[in-house]
Every structure is written in structure tokens, then in C-alpha cells.
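Thanks, everyone; I would like to take a few minutes to walk through one model, going from a sheet to a pocket and then to a single residue. Please keep the structure open while I talk.

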Amino acid sequence: MTTLIRCGSAQYLACDTEAVMLPWQENFKKWNDALQTKDAATVASLYSTSDLSFLPTVSGKHIKKIDSTKEYFTDFVMKNPFGTITDDSVQIYGNGEAYLHSGMYTFELGEGAARAPVQARFSYVWRKINGDWKITHHHSSVRPEGPDMLSVARANFKKWNDALQTKDAATVASLYSTSDLSFLPTVSPKHIKQIDNTEEYFKDFVMKNPFGTITDDSVTVFDDGEAYLHSGMYTFELGEGAARAPVEARFSYVWRNIDGDWKITHHHSSVRPAAV
């Protein structure tokens, strides 16, 4: 894991400064190991007895006293918590006598089949007091839910469908990635990988007056919300006037956030097979 370290105004990668990494690695492990003892006093002993600011995950209180810290952990340790850091950074102060360790951790909580992960965020300030590292600040919070990716996916589908209504192939093609593209169209045998070929395909397709309606869909999210797979079933109305007819089809899109814009990096569309 590569961690950002900040020392005063300088910052550098922890992978190049292993000696600086040791305190926060060891201290988090010490704190996590203390939770495994299920002894609230053992956990509380890692916190400063003065100048303490503790904002726990599951308490509305701002804890400033060591007795209140112990009281909080009396209940918390019985949840069998085990924490694993998933992303973090360190800022070092006072010539290494104090540091802020912050980031994301996942806690496993509960017993047996009821045991479940909880994603959370943390900020610790550890300070060396009389030769021992103590926590002077600890803020832990449940990680907020990200955006509703199904709503995002449906909004992007609407943008794509609206682009078809313009009958401008370039407008449709502009929604596709200009690199790393895989496009398997409904009515072409080609595996399209270039944006020019994408535009060429849509020149004919938009003249069919297509209008798509999703009938069933799901979303799988990747890269912490920076990409997603949107797949399912859609029905296309195609043609003019009395000749206009529905075509049931299946779709898979991968959309990726590229420089702040959602782009299609994969699109596979196929006519729905007849029921057996």
C-alpha cells in the first residue's frame, strides 16, 4: 500500500520512507489488537488522559474524558470488532512527535452468520507523551452512501437515447470513449474499436428512428464508483408510421468517468432470442 506522508510543508510517498511508516502501522495494530481483548480498559489505555477529543462511530457524544472513553468501549468491544485499513494517509508534526493518521477502514462486526462488514472513515491524532504513543483525537464515522448508481446509469441511458433522437451520428458517437472501446452493435457483425467506425454505424441506425425503453436492468459498480456495468433488456421502436414496430433486445454498457465526463467504453447489444 502506498500512503501519502506529509511532514510540515513537504510531502512524499511512504513507500520510500519505511522508518516513518512504522509508528502508525504499529499503533493501529496495537489499537485493533486491544479491541480483540474485549477489555474496555485496555483499549481506553491507548487514549490520552488529558486534552482528548473522541468522536465515536456509534455515539452522539463528544468524549473528552478517559472514563467516558472506557464506558464507550465497554459496549463496542462486545460487537467483536476487527478493523482493516483500506485506504489511508499520514501527516507528521512536531519533528515526528505527533501525526494525523486518516482514511478508510472496514470493520467486521457481530457473531457467526450475523457477522457483517461496515465501511467507515477514521482520523486519529497520535502524540508521544512521556515516551508512549497516545491517541489525543479519534473521529470515526460510517462511510456515507455514494450516489445511486442505478439512477446515474438510467440518466446516462437517457442521454444516449436522446442523442439518437437528434439523428446526428456524431452526437451519439461523442458519448463513446475515443480509446479502449469495445462496441458490438445489434445489427452489425463487426467488433467496433474506433470512434470513426462508431459514428459510421450510427449514420444508418439513427435513420431508423430508434427509441429505446428499458424494461429490466441492473448495475454493477467498479473502481469506487468511477465505472459501472449497466445491463438488462430494452425494447426499441423502429421505423416510420404504420411500419413502426418494437424490437426486444438485450444490452450491456460499461460507462467510465473520463476527465469528469461519463463515456461508454463497452456496448454490446443483441436481439432477444425467441423463447424456446
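Ser182 stands opposite His266 in E12, and I start there, in what is a predicted model, with the pairing of E8 and strand E12, residues 261–271, which runs in the parallel sense over 3 bridges. Stepping back, these two belong to an open sheet of 5 strands, ordered E8-E12-E11-E10-E9, with mixed pairing. Strand E8, 182–184, and strand E9, 211–222, each have a single partner strand, so they stand at the edges and one side of each is left without a neighbour in the sheet. From one strand to the next, the twist averages 25°. Helix H4, residues 149–165, packs on this sheet, where it touches E9, E10, E11 and E12, and the direction of H4 makes about 40° with that of strand E10, residues 227–238.

Let me turn to the largest pocket, which holds about 280 Å³ of space. Its lining includes Gln119, the residues Val142, Arg143, Pro144, Glu145, Gly146 and Pro147, and also Met149, Val221, Asp224 and Gly225. Sorted by class, that lining has 5 nonpolar, 3 polar and 3 charged residues.

How values were computed:
Residues numbered from 1 in each chain as written. Predicted model: local features only at pLDDT ≥ 70, side-chain atom pairs only at ≥ 80, totals over all residues. Heavy atoms only, no water. Pairing = 2+ DSSP bridges. Helix = DSSP H or I, 4+ residues; strand = E, 2+ residues; numbered from the N terminus. Axes fitted to C-alpha atoms, helices over the stretch in contact; angles between N-to-C directions. Contact = heavy atoms within 4.5 Å. 1 Å grid on protein atoms, 1.4 Å probe; cavity = no way out; pocket = protein on both sides within 12 Å on 5 of 7 lines; lining within 4 Å. Points joined across faces, edges and corners; volume = space filled by probe spheres on them. Nonpolar A, V, L, I, M, F, W, Y, C, P; charged D, E, K, R; others polar.
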